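Please take a walk through this protein with the model open beside you. The tour goes from the overall layout to single side chains.

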Amino acid sequence: MPLESGDSIESLLQESRSFPPSASFSADANIKSEEEYQQLWNRAKDDPAGFWGDMAENLDWFRKWDNVLEGDMPDTKWFQGGKINASYNCLDRHLENWRKNKAAIIWEGEPGDRRVLRYQDLHREVCKFSNVLKRLGVETGDRVTLYMPMIPELAIAMLACARIGAVHSIIFGGFSADAIADRNNDAQAKLVVTADAGWRRGKELPLKAAVDASLEKAPSVEKVVVVRRTGYDVDMVPDRDYWYHEMMEDASADCDPVELDSEHPLFILYTSGSTGKPKGVLHTTAGYLLGTTMTSKWVFDLKEDDTYWCTADIGWITGHSYICYGPLSNGATTVMYEGAPNWPDEGRFWEIVERYQVNIFYTAPTAIRAFIKWGDQWPQKYDLSSLRLLGTVGEPINPEAWMWYHRTIGQERCPIVDTWWQTETGGIMISPLPGITATKPGSCARPLPGVVADIVSGDGTSLGPNQGGLLVMRQPWPHMLRTLYGDHDRFVRTYFSTIEGASLAGDGARRDEDGFIWVMGRVDDVINVSGHRLSTMEVESSLVAHAAVAEAAVVGFPHERKGEGICCFVTLKRGDGDESLKQELIQHVRRQIGALAQPDQIRFAPSLPKTRSGKIMRRLLRDIAAGRESTQDTTTLEDLSVLARLRADDE
Ligand code: WT7
């Protein structure tokens, strides 16, 4: 429910715990003091061009820019006149010193196979594949779709596209043939890179077959390159389909990076909005690379000898920015894992942390809630003492999940960076800085340098401390999206038409008395109970704080007296739940946040419907709670059977 003018969202959740970093962490951190942060932040606000111009010295340019920033939101151009290449910055520049022999990617396949690619190796493979793309007719500006498992060839293909200025569009390996066809048509993709299949919980997930089916509906695609990953049987169409390994065999390892304009498109990434066709978020070369480079340094505190692991799939923006471009541009060692966290057992992630002595670990709240459900015995079996910094992204993290992460994984030693950002923002926007922030469980803390965030009511007025409202950005930043591919009007309408002079995130949030931001979830998830706007996330956090609860999703449903009632879908750590537990949970929420937030219904569910990126699909639950047949698009749902089970449980 969007905010009407003048409205704000009430916030009932109180959280007063605070965790400052240790003195030794601060002493070594990339940003060491509050003064340093204030200075960077103020400079970026008052003189964005001067600030970002200085930061851009961290990248290697073929030609320096004439102008740091031209125009204002929605249409900004960064580093005009500059010539740059993202693959050069992620690879070639590291070959000039000892880093040439440093591990760029440490990869582990689900079946247990392992590969390490040093910067030299990655550079060679990328150059070769760039030549393969060229040989198959790909030119600068052409769109190339990557529909691949989490194997090194995915990173190689991304960087090869970037090297020749082809625009990659990565489609997560869980999407269907229809979804691939839609995206290929929208992008008018010329070539697709895929694999025979990928591994997922010991089973082969056919990928090439899905591409074959999609091509019947996507005539722009002329060629397909297939990586042999599992040995799964595939049909190869002559003069259309080519084996990766065969093409690579005689490809030259010599390929100069193309000197691209700063605003040359780097990639398109489709995000599914809650309604309508997927949005092709477009990012450009220099600004995006600068944003991911700087935020990796600041937020993950990257050091030369760190082993860094982001558990996301490269099919999402998190993987683009923080497995590939950000870490590699910094010359870091990035771990990449192909498979599921519970294969062959629930200890897999911790086994990987122990094996590679991972120092920085970045994951999602949905994964953390799964770890909690699986039990402490799994992390306890492994040596996690190498970890020094933890991160989360994707959803608001419930304070109790945060505390578990802090105690059980971080062993009360590691700062946690709760990073707020979006596909559209390209990189992290709001986050603790691990060396200086006294973190509060559930808060993503303060905006990074260059980010001027505000919280406003429906008419754009800035709200005071602890008033919930719309999260907006008041100043452009280099790594922001430039358009929605092929639909600039939709871009302007979606992000810039609600609040004058600001870009809209679509999230509700409040700022506390210390200026810390608490994101309350999507504005669409706000409910109106007896005239009070409540964030469903706060009720969820209260439920998750109960010892019996593993996960909860809260939605509104039409209620005669209150306008909207509160319906809670609850997954338990164990057992099925009974009437007395229902009553106990209702009282628990009432005690924790107040009578206004008292649930009207508790429904126990074995699991919750989620998108493939792990976000709970509340819009589907809203239909179930209201007893409506769903007309919603379910193509992004991970496990359709969850819905059927929830409906069957409908009383
Ligand atoms: C939406 C963006 C950005 C990478 C992954 C998701 C939610 C993201 C947080 C956080 C609270 C968060 C927001 C945002 N979100 N991080 N730390 N705290 N909410 O990318 O699919 O574009 O989703 O994810 O609602 O708008 P995305």
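This is a predicted model: local features need pLDDT of at least 70, side-chain atom pairs count only at pLDDT 80 or more; totals for chains, interfaces and linings use all residues.

Residues are numbered from 1 along each chain as its sequence is written, and side-chain values use heavy atoms, with hydrogens and water left out.

Start with the domains. The domain assignment gives domain 1 as 115-265 and domain 2 as 526-650; such bounds come from an automatic or database assignment. Their C-alpha centres are 40 Å apart.

Next, the sheets. Helices (H or I, at least four residues) and strands (E, at least two) are DSSP runs, numbered from the N terminus. Two strands pair if DSSP finds at least two bridges between them. At the S23 end, strand S15 (residues 279-284) pairs with S23 in the antiparallel sense over 2 bridges. There, Leu282 has Thr483 as its bridge partner in S23.

Contact means heavy atoms within 4.5 Å. Axes are lines fitted to C-alpha atoms, for helices over the stretch in contact, and angles run from 0 to 180 degrees between N-to-C directions.

A second open sheet to find has 4 strands, ordered S21-S22-S24-S25, with antiparallel pairing. Its edge strands are S21 (453-456) and S25 (517-522), and each pairs on one side only. The twist averages 45° from one strand to the next. Strand S24 (residues 503-511) is joined to S25 by 5 bridges. Asp507 stands opposite Arg522 in S25.

Now look inside. In soluble globular proteins, nonpolar side chains tend to be buried together. Buried means under 20% relative accessible area, exposed over 50%, and partly exposed in between (1.4 Å probe, protein chains only). A nonpolar core is a set of buried Ala, Val, Leu, Ile, Met, Phe, Trp, Tyr and Cys residues joined through side-chain atoms within 4.5 Å. The largest one here has 137 residues. Trp52, Phe79, Leu122, Phe129, Trp298, Phe300 and Tyr325 have the most contacts inside it. Helix H6 (residues 152-164) gives the most to this core, with 10 residues. Apart from it lies another core of 30 residues, including Ile106, Trp350, Tyr356 and Trp378.

Leaving aside neighbours within four places in sequence, Phe129 is in contact with Ile156, Ala157, Ala160, Val193, Val225, Tyr244 and Met248.

Glu125 is found in helix H5. Glu125 is buried at 16% relative accessible area. Its side chain makes a polar contact with the side chain of Arg124 (3.4 Å).

Asn131 also lies in helix H5 (residues 119-135). What makes Asn131 count as buried? Its relative accessible area is 17%. Asn131 and Asp254 are 123 residues apart in sequence, yet 8.1 Å apart in space, C-alpha to C-alpha. The backbone oxygen of Asp254 lies 2.9 Å from a polar atom of the Asn131 side chain.

Thr419 is in the loop between strand S20 (416-418) and S21. Thr419 counts as buried because its relative accessibility is 2%. The Thr419 side chain makes a polar contact with the side chain of Tyr362 (2.6 Å).

Finish at helix H19 (residues 618-626), which is mostly covered: 7 of its 9 residues are buried. Among them are Arg618, Arg619 and Asp623. Just after H19, Gly627 takes a positive phi of about 70°.

Methods: A polar contact is a pair of N or O atoms within 3.5 Å; within protein, one must be able to donate a hydrogen and the other to accept it, and residues adjacent in sequence count only if both atoms are side-chain atoms.
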